[in-house]
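Okay, everyone, thanks for coming. Let me put the model up and we'll walk through it together.

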Amino acid sequence: MAISRTFMSVNLFIFFLVIATTNGQAPAPTPSGPTNITAVLEKAGQYTMFIRLLKSTQAADQINTQLNSSSSQGLTVFAPTDNAFSSLKSGTLNSLSDQQKVQLVQFHVLPTLLTMPQFQTVSNPLRTQAGDGQNGKFPLNITSSGNQVNITTGVVSATVANSVYSDKQIAVYQVDQVLLPLAMFGSSSAAPAPAPEKGGSVTTGSASGSDGGGDSTDSSDAERIRYGIIATVAAIAASSLWI
Ligand SMILES: *[C@@H]1O[C@H](CO)[C@@H](O)[C@H](O)[C@H]1NC(C)=O
Ligand SMILES: *[C@@H]1O[C@H](CO)[C@@H](O)[C@H](O)[C@H]1NC(C)=O
Ligand SMILES: *[C@@H]1O[C@H](CO)[C@@H](O)[C@H](O)[C@H]1NC(C)=O
Ligand SMILES: *[C@@H]1O[C@H](CO)[C@@H](O)[C@H](O)[C@H]1NC(C)=O
């Protein structure tokens, strides 16, 4: 009798603990908050290098702040894949100053939201966050026909592969090349001397291109709860041994 009563109260105890745990952790994956560019790209996969640049230049914070501001007119981000970065001449990024890295990242961001159909009607050159699109500075031209959308910078010609993410505030597109601005790479079409291959190459994870379908947070919650239960049972078992 006594045993089964303890057993029941232990069960009740666990029950309440589980409820407390679930309630306590519920607010963790709030998808309703402002869009988080880092989280969007992490979820999409294959943008390790771009994420690293976004973080190291603090551009990620700026973008997130902008997305959380009611006066924002939206943003368009062209996200180069890890493959795009590894196809750069080696040493390209290392040859840039911190300021140039900031400009390079900002060159991938337009201060307005452009949907795919709007690419057909943009007027070139487009204005990027890096600034002046006119003569020899940071021009970015979009040409499109049908579903094909190309971007030219005067240095590289890239193709917009597909839409990674979009909502009311931001559109993120995959591009197959790092968009090198004319102001920084224009004169050096002879390019900085290719340094000997070493390090730097990103091991591109499987380019599984997993769109949407975000139950990863759910399963990790379930896991946390499961661990909570196991830990509780262990703790109770241990304490009953003491008594
Ligand atoms: C955005 O997401 C990243 C990675 O998921 C996280 O480290 C960062 O704290 C988030 N930023 C904000 C403002 O929520
Ligand atoms: C978004 O803006 C609101 C109001 O300015 C602020 O309270 C909130 O902390 C911001 N959220 C993030 C994630 O920056
Ligand atoms: C885009 O670029 C590809 C290859 O570089 C080219 O074949 C295609 O004609 C271009 N399309 C447009 C619309 O510029
Ligand atoms: C971009 O478009 C403008 C206007 O059509 C043109 O003058 C300029 O040469 C173009 N630049 C590149 C790099 O295509």
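I'll start with the ground rules, then the overall fold, then the aromatic rings.

So, this is a predicted model: local features need pLDDT of at least 70, side-chain atom pairs count only at pLDDT 80 or more, and totals for chains, interfaces and linings use all residues. Residues are numbered from 1 along each chain as its sequence is written, chains are lettered from A and ligands numbered from 1 in the order in which they are written, and side-chain values use heavy atoms, with hydrogens and water left out.

Now the fold. Going along the sequence, the order is α-α-α-α-β-α-α-β-β-β-β-β-α-α.

How much of the chain is buried? That's 32% of its 243 residues, where buried means under 20% relative accessible area with a 1.4 Å probe, protein chains only. The chain exposes about 14,200 Å², and 55% of that comes from carbon and sulfur atoms; these areas are Shrake-Rupley, 1.4 Å probe.

On to the rings. There are five aromatic pairs, meaning Phe, Tyr or Trp rings (six-membered ring for Trp) with centres within 6.5 Å. Take Phe107 and Phe138: their centres sit 6.0 Å apart with the planes at 55°, so the pair is tilted, being neither under 30 degrees (stacked) nor over 60 (edge-to-face). Phe107 is in the loop between helix H6 (98-106) and strand E2 (109-110), while Phe138 is 31 residues away, in the loop between E2 and strand E3 (141-145). Both are buried. Elsewhere on the ring list, Phe78, Phe119 and Tyr173 are joined into a cluster by ring pairs.

Terms used. Helices (H or I, at least four residues) and strands (E, at least two) are DSSP runs, numbered from the N terminus. Buried means under 20% relative accessible area, exposed over 50%, partly exposed in between (1.4 Å probe, protein chains only).
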